[in-house]
Amino acid sequence: MKKKTTITVLIIVILGFIFFLFGKKLDPRGVPQNLNQEEKKDWLAEKLYESMYTRKPIDIGYEEPSQEDIQSKKQKTDLTKKYPSKINALFELGTNTATLFYFSDELKDLGVNTYFVQAETRIENGELKIFQPCYSKKCILSQEEAERVVIDRMLMAKQEGFSVGFVPDLPDAFEVGRENYNIDELNPRFKEMILKWAEIAEEYGVEYFVPINEYETLLYTNGYTIEKVYQYTNNFYDDLIPKIRKIYNGKIIIKSGALDSWSNQKGISRKKADLFGLGNWHAGTADEIKESTQKMVEVADEISVRDNLPWLVTEYYVATQEDVEESFGQEGIVLPMKEAYEAGLSELKKSEENIGFTFTGYIGRGKIRGTEAVSVLKNYFNK
């Protein structure tokens, strides 16, 4: 009798999980009911990807958490910081919540052990605001609601067994012009924002803390000379990182972009961090991707030895057809994902100082789901 009861309970739990995963209203039309479970995931992934370019959000069945929800989930979550020897990470743009909510099982099968949670931030009248659209209707969440969503991602990632990275990202602040980007006015606001997130990251067991996404690239793309970029960036981190360490006990990563030439990265010190990362957006031939990655690896290894800390790729983003059309307004070279990943990873394997690779993305921008790049990356992650 006991065995029969146990089996019944198990069936109820499994059915409950299936309902949780796919029984939710995903958009006003809903998921086609004639699809099996895998087809429903395919349908959802396709709709989510389309929504990033059509700007027509869909309801994924996620509800913004209350403070009580956060506290309840926190109590049920192991907040111990755990550091893999090799960082296999995802930096998902555009679907940072949905990917965790529905595709964590696929990420773990791929070999992902680290998930970067983002807080998209915008500059509004000189103030920094978390930007987070509502999930079930057309609106923008309040700052308190948006902050809870970010924290909920941290907790979801921890519950799924991932190590967690955190990045405040300002995607709309690149290339806005010097007149709209006064770093002397923004720096105090940046530091205030970063120290607040550092407290939150410590409270919720975040393993890797990126103070800000590509600080130096924000400067460079807004008209600051490379000399000024070096001056501001080095002063910024020299002042900020010791303050972060007083409240945050995880590992600090300085995340950087390309600055036109990888050699330009040599003017930035990473000595006060625990790790540093380089990343780039790739659109071109396999040979061009290979050459760019080769130069990145050479520069990163040199900086790693000079500043005595390891490095990782913090963003490997291969442009899709939609990206090319959105960026250039016309068709360009769109390399099959398999070839693009093989080209980059073949050069990364030559690094003696690299300890991790972060790809962008799975079902979001630069998506590899449904392509042969999945098997390429799985082989790389599971070596």
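**View 1. Lysine 86 sits over the ring of tyrosine 380 in this predicted model.** Lysine 86 lies 4.4 Å from the ring centre, over the face of the ring. Tyrosine 380 also belongs to a cluster linked by ring pairs. Tyr316, Tyr341, Phe357, Phe359 and Phe381 are in that cluster too.

**View 2. Lysine 367 lies over the face of tyrosine 49.** Here the distance to the ring centre is 5.0 Å.

**View 3. Tyrosine 341 in the largest nonpolar core.** This core has 103 residues. Tyr341 is among those that touch the most other members, along with Phe190, Trp197, Phe357, Phe359 and Leu377. Helix H6 (residues 183-203) gives the core its largest share, nine residues. Leaving aside neighbours within four places in sequence, tyrosine 341 contacts residues including Tyr316, Val318, Ile368 and Val376. Another core, of twelve residues, lies apart from the largest one. Among its members are Ala89, Phe91, Val167 and Leu312.

**View 4. Phenylalanine 91 pairs with phenylalanine 116.** The structure holds 24 aromatic pairs, and this is one of them. The ring planes meet at 75°, so the pair is edge-to-face. The ring centres are 6.4 Å apart. Phenylalanine 91 is in the loop between strand S1 (87-90) and helix H4 (96-110). Phenylalanine 116 is in strand S2 (residues 114-124), 25 residues away in the chain. Both are buried.

**View 5. Tyrosine 215 stacks with phenylalanine 236.** The centres are 4.0 Å apart, with 10° between the planes. Tyrosine 215 is in helix H7 (residues 215-220), and phenylalanine 236 is in helix H8 (residues 226-245). Tyrosine 215 has 0% relative accessibility, so it counts as buried. Phenylalanine 236 is buried as well, at 2%.

Conventions: Residues are numbered from 1 along each chain as its sequence is written. This is a predicted model: local features need pLDDT of at least 70, side-chain atom pairs count only at pLDDT 80 or more; totals for chains, interfaces and linings use all residues. Side-chain values use heavy atoms; hydrogens and water are left out. A nonpolar core is a set of buried Ala, Val, Leu, Ile, Met, Phe, Trp, Tyr and Cys residues joined through side-chain atoms within 4.5 Å. Buried means under 20% relative accessible area, exposed over 50%, partly exposed in between (1.4 Å probe, protein chains only). Helices (H or I, at least four residues) and strands (E, at least two) are DSSP runs, numbered from the N terminus. Contact means heavy atoms within 4.5 Å. Rings of Phe, Tyr and Trp (its six-membered ring) pair if their centres lie within 6.5 Å; planes under 30 degrees apart count as stacked, over 60 as edge-to-face and the rest as tilted. A charge sits over a ring if NZ of Lys or CZ of Arg is within 6 Å of the ring centre and within 35 degrees of the ring normal.
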